[in-house]
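Student: I have a new structure to read, and I want to know what stands behind each label. Can we go through it together?

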Amino acid sequence: MPDAQARLLERLLAGEQAAFVELVQAYQGAMRAVAYAIVGSRHADEAVQDAWLAVVRALPGFQGRSSLKTWLLSITANAAKTRYRHNRREVLLDDLPGPHGSVDAQRFGRDGHWLAGPSAWHEDSPEALLSQDELRQCLEHTLLSLSQLQRSVLVLRERQGLELEQICNLLDLSLSNVRVLLHRARLKVFATLEHFEETGQC
């Protein structure tokens with residue numbers, strides 16, 4: 001068990017409130033992404049609350065065989081699945097299009113990144129800074145336009161850094177489905193970036 005994780009666990013077991021605050025701040029986003037993928041936005045917060053209650057009960061038995069993050073996300077997935085009453089989800093591969101449709105998939109490598117990306121802009125002028133803020137808003141809008149599973153897979157992979165196999169296990173999806181969902185989500189995000197760079201608009 002890494003030293004930082006061991007120290008945090010020790011503080012948690014001692015009942016230190018600040019340690020619980022740190023834990024929530026560090027992992028709430030990832031836990032919500034897992035719950036969202038399983039039960040949807042309407043019940044995600046309830047599933048996360050169920051998960052935190054389960055975490056508090058199970059914490060004394062945590063033996064550090066996995067990272068705290070993996071353990072927390074597994075508990076969240078189980079709580080969400082229980083709330084969903086074990087109904088199996090069907091992955092819809094024909095997802096709704098993003099705000100700009102899609103772009104030619106041949107322009108991207110197998111990892112989902114550009115083969116030849118648009119030129120980056122690294123300016124510090126007020127106009128450039130304003131553009132960056134507008135771009136952030138465009139990207140958030142695109143994220144919200146993704147299907148539930150696309151968004152969750154993208155967040156878990158890109159923001160939380162989970163491996164594809166971990167995402168498969170948490171969401172009960174096949175590796176091929178996770179790859180399809182991730183690839184389509186990345187294409188829509190890249191389409192937004194490309195459109196913004198070409199037009200300056202969302």
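Tutor: Start with Thr76. Setting aside neighbours within four places in sequence, Thr76 is in contact with Met31, Val34, Ala35 and Ala51. Contact means heavy atoms within 4.5 Å. This is a predicted model, where local features need pLDDT of at least 70 and side-chain atom pairs count only at pLDDT 80 or more, while totals for chains, interfaces and linings use all residues. Residues are numbered from 1 along each chain as its sequence is written, and side-chain values use heavy atoms, with hydrogens and water left out.

Student: What makes Thr76 count as buried?

Tutor: Buried means under 20% relative accessible area, exposed means over 50%, and partly exposed is in between (1.4 Å probe, protein chains only). Thr76 has 0% relative accessibility, so Thr76 counts as buried.

Student: Where is Thr76 found?

Tutor: Thr76 is in helix 4, residues 68–83. Helices here are DSSP runs (H or I, at least four residues), strands are runs of E (at least two), and both are numbered from the N terminus.

Student: How many helices and strands does the protein have?

Tutor: There are 8 helices and 0 strands. Buried residues make up 40% of the 202 residues in the protein.

Student: At what angle do helix 2 and helix 4 pack?

Tutor: Helix 2 (residues 17–39) packs on helix 4 at about 35°, with the axes 9 Å apart. Axes are lines fitted to C-alpha atoms, for helices over the stretch in contact, and angles run from 0 to 180 degrees between N-to-C directions. The contact includes Met31, Val34 and Ala35 of helix 2, and Thr76 of helix 4. By class, this contact has 13 nonpolar, 1 polar and 3 charged residues. Ala, Val, Leu, Ile, Met, Phe, Trp, Tyr, Cys and Pro count as nonpolar, Asp, Glu, Lys and Arg as charged, and the others, Gly among them, as polar.

Student: Why are helix 6 and helix 7 called oblique to each other?

Tutor: Their axes cross at roughly 140° and come within 10 Å. Angles under 35 degrees count as roughly parallel, over 145 as roughly antiparallel, 65 to 115 as roughly perpendicular, and the rest as oblique. Helix 6 and helix 7 are therefore oblique.

Student: Which residues meet there?

Tutor: Val153, Leu156 and Arg157 in helix 6 meet Leu164, Ile167 and Leu171 in helix 7. That contact divides into 5 nonpolar, no polar and 1 charged.

Student: Why is Gln150 called buried?

Tutor: Gln150 is in helix 6. Its relative accessibility is 0%, so Gln150 counts as buried. Other buried residues of helix 6 include Leu149, Ser152 and Val153. Gln150 and Arg179 are 29 residues apart in sequence and 10.0 Å apart in space, C-alpha to C-alpha.

Student: What makes Asp172 count as partly exposed?

Tutor: Asp172 has 40% relative accessibility, so it counts as partly exposed. Asp172 sits in the loop between helix 7 and helix 8 (175–199). Asp172 also has a positive phi of about 55°, although it is not a glycine.

Student: Which residue takes a positive phi just after helix 6?

Tutor: Gly161 does, at about 70°.
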